[in-house]
Amino acid sequence: VVQVTGLEVQQIHNYHKTVEIPLHFLYQIDLDKVDLEISGGPNFNINYTNRGKILDPSNDDRWFTNGPNGDYRVFRDRLSMSISLAFGIMYNTGENLQLYARPNIKFHPSSWALDSSPFSQRYTNFGIAVGARYYLNGNPNY
């Protein structure tokens with residue numbers, strides 16, 4: 001939400017979208033019906049796009065969108081890399097079906113903003129992947 005006192009109230013939904021190539025390493029421990037894993041490594045950013053408005057140092061709202069519509073350059077065109085770490089637990093319900101939960105963390109060590117911008121933004125994202133895996137030829141760890 002961008003608000004300029006006494007003039008108007010705007011509701012703007014900013015978004016940041018990245019496309020990354022992960023280079024992850026995985027270690028898995030196979031127990032009876034439960035498998036545990038730890039995985040992680042670097043994610044190399046190949047594309048970054050954004051859209052939205054932000055207040056500039058003079059308190060005016062400005063579009064920061066990358067490309068021809070953005071008149072206020074505060075974010076990088078490309079990000080360097082991020083680092084991910086995930087822990088997983090898988091439960092084998094049968095020969096073909098496996099349920100899993102995988103909490104993860106992704107850390108961006110460098111700022112998404114340009115060095116010339118009036119602020120610095122570093123993100124740490126937390127998430128969880130929950131689902132089921134079906135093996136067509138049978139689970140090799142079952």
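The structure is a predicted model, in which local features need pLDDT of at least 70 and side-chain atom pairs count only at pLDDT 80 or more, whereas totals for chains, interfaces and linings use all residues. Residues are numbered from 1 along each chain as its sequence is written, and side-chain values use heavy atoms, with hydrogens and water left out.

Ser 111 is placed in the loop between β9 and β10, the strands (E, at least two residues) being DSSP runs numbered from the N terminus. With a relative accessible area of 9%, Ser 111 is buried; the term buried denotes under 20% relative accessible area, exposed over 50%, and partly exposed the range in between (1.4 Å probe, protein chains only). The side chain of Ser 111 also makes a polar contact with the side chain of Ser 120 at 3.3 Å. A polar contact is a pair of N or O atoms within 3.5 Å, of which, within protein, one must be able to donate a hydrogen and the other to accept it, and residues adjacent in sequence count only if both atoms are side-chain atoms.

When a salt bridge is taken as a side-chain nitrogen of Lys or Arg within 4 Å of a carboxyl oxygen of Asp or Glu, the count comes to 3 salt bridges. In one of these, the side chains of Arg 76 and Asp 115 meet at 3.4 Å, N to O. Arg 76 lies in the loop between β7 (61–63) and β8 (81–92), and Asp 115 in the loop between β9 and β10 (124–134), so the pair ties together parts that are 39 residues apart in sequence. Arg 76 counts as partly exposed at 24% relative accessibility, whereas Asp 115, at 74%, is exposed.

A salt bridge also joins the side chains of Lys 106 and Glu 20 (2.9 Å, N to O); Lys 106 in strand β9 (residues 97–107) and Glu 20 in strand β3 (residues 15–22) are 86 residues apart, and the pair links distant parts of the chain.

The side chains of Arg 102 and Glu 37 likewise meet in a salt bridge (2.6 Å, N to O), which links strand β9 with strand β5 across 65 residues. Both partners, Arg 102 and Glu 37, are buried, Glu 37 having a relative accessibility of 10%. Strand β5 spans residues 34–51, and the contacts of Glu 37 beyond four places in sequence include Leu 26, Tyr 27, Phe 87 and Met 90.

Technical notes: Helices (H or I, at least four residues) and strands (E, at least two) are DSSP runs, numbered from the N terminus. Contact means heavy atoms within 4.5 Å.
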